[in-house]
Amino acid sequence: MAELIVISTLNGVLFGMLLFLLSSGLTVIFSMMGVLNFAHASFYMLGAFFGYQLTRWIGFWPALVIAPLLVGVVGMGVERYGLRNTHKHGHVAELLLTFGLAFAIEEIVSMIWGKSPVDYRVPAVLDFPAFTVFSTNYPAYKIFMLVVSVVIFIALLVTLKRTRVGLIVQAALTHPSMVGHLGHNVGRVFMLVFGVGSALAGLAGVIAGPSLVTQSDMAALLGPILFVVIVFGGLGSLPGAFIASLLIGLIQTFAVALNGSLASVFGPLDPSLGPSPLTDIWNVTIAQIAPILPYLLLVLVLIFRPMGLLGTRES
């Protein structure tokens with residue numbers, strides 16, 4: 001039991017920090033631009049495939065730097081030539097654009113790399129156990145993923161709250177005309193914000209690709225839970241996204257590891273009742289419902305606190 005708790009906690013924190021690395025970019029884009037980007041998980045997938053391809057050509061460490069930059073450039077192009085033109089038509093047009101873009105990116109990735117998983121491996125220098133917990137060896141690469149996620153969280157907070165760049169970006173959202181009169185190019189600021197958010201998603205893909213499965217449907221698998229995180233934490237709240245990511249990561253990881261059910265706690269139902277929906281529900285384990293727990297949590301949050309944990313209602 002102690003081993004289960006320790007390993008599940010480590011895996012839960014790691015999964016939560018990966019979710020934060022993904023959701024942080026989407027949160028920054030929404031908080032600064034008011035754009036809810038449905039293609040954000042596709043940028044994560046692009047980061048993973050760019051990282052895989054560049055690793056084959058020049059190695060993992062150069063790919064760790066170059067792949068997110070390439071994804072950031074793609075993101076800036078989407079903002080400059082797509083979202084900027086549709087912004088005048090309202091948020092519905094922006095949502096439809098990013099929704100269609102997500103499908104387009106998935107099809108392009110499938111045509112180039114195929115639908116089967118690619119052989120994206122952990123770099124040899126990090127392919128060893130960092131430490132042993134009871135009888136389980138914990139990989140050094142997972143510790144590396146955790147460290148990168150924590151560093152990104154601290155860097156984002158410092159940049160947005162303590163630097164002149166962060167102040168200009170935040171002011172550009174609420175008072176764009178004033179920022180323009182002060183000599184700043186507001187359009188360029190928004191384009192850079194969108195590029196940075198996309199690059200963060202690409203970075204998440206580069207470091208998660210060797211640990212998870214890198215394939216053309218990875219965006220569709222992780223995309224829905226990404227929106228659970230940002231709604232649960234509060235739209236536009238970076239600390240809220242951080243807390244929500246950790247909570248969802250821990251809840252889902254522990255749920256997967258538990259095989260308990262109502263039948264194991266209260267005993268089996270009377271056999272005379274025969275097969276029925278109640279019997280099926282009575283025997284369902286926590287591990288079986290683990291994939292839907294984040295969405296049940298989302299429903300509860302929307303009912304009792306629609307603004308999320310640290311979100312605020314718009315005036």
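Ile292 sits in the loop that connects helix 13 and helix 14; helices here are DSSP runs of H or I with at least four residues, numbered from the N terminus. With a relative accessibility of 45%, Ile292 counts as partly exposed, a class that lies between buried (under 20% relative accessible area) and exposed (over 50%), using a 1.4 Å probe and protein chains only. This is a predicted model, in which local features need pLDDT of at least 70 and side-chain atom pairs count only at pLDDT 80 or more, while totals for chains, interfaces and linings use all residues. Residues are numbered from 1 along each chain as its sequence is written, and side-chain values use heavy atoms, leaving out hydrogens and water.

Ile292 also belongs to a nonpolar surface patch of about 520 Å², together with Leu4, Leu258, Ile286, Ile289, Tyr295 and Leu296. Patch members have over 30% relative accessible area and no salt bridge, and nonpolar side chains (Val, Leu, Ile, Met, Phe, Trp, Tyr) are joined within 5 Å, like charges within 9 Å. The areas come from the Shrake-Rupley method with a 1.4 Å probe; for residues, only the protein chains shown count as cover. Helix 13 (286-289) and helix 14 (293-304) each give at least two residues to this patch.

Gly59 follows helix 2 and has a positive phi near 105°. Helix 9 (residues 218-233) has 13 of its 16 residues buried, so it too is largely enclosed by the rest of the structure. Helix 9 reaches 23 Å from first to last C-alpha, close to the expected 22 Å. Just after it comes Gly234, with a positive phi of about 110°.

The structure also holds 16 aromatic pairs. Rings of Phe, Tyr and Trp (its six-membered ring) pair if their centres lie within 6.5 Å; planes under 30 degrees apart count as stacked, over 60 as edge-to-face and the rest as tilted. Two of the pairs are set out here:

| Pair | Centre to centre | Angle between planes | Type |
|---|---|---|---|
| Phe60 and Tyr141 | 6.2 Å | 70° | edge-to-face |
| Phe99 and Phe103 | 5.2 Å | 75° | edge-to-face |

Phe60 belongs to helix 3 (residues 60-86) and Tyr141 to helix 5 (residues 140-162), so their pair ties together parts 81 residues apart in sequence. Both of these residues, Phe60 and Tyr141, are buried. Phe99 and Phe103 are 4 residues apart in helix 4 (residues 91-113), about one helical turn. Ring pairs join Phe99 and Phe103 with Phe38 and Phe227 in a cluster.

Finally, where do charges meet? There are 2 salt bridges, each a side-chain nitrogen of Lys or Arg within 4 Å of a carboxyl oxygen of Asp or Glu. Arg84 and Glu79 form a salt bridge at 3.1 Å, N to O. Arg84 is partly exposed at 30% relative accessible area, whereas Glu79 is buried at 4%. Arg121 and Asp119 form a salt bridge as well, with their closest N and O atoms 2.9 Å apart. Arg121 is exposed at 59% relative accessibility, and Asp119 is partly exposed at 49%.

Conventions: Expected span 1.5 Å × (residues − 1).
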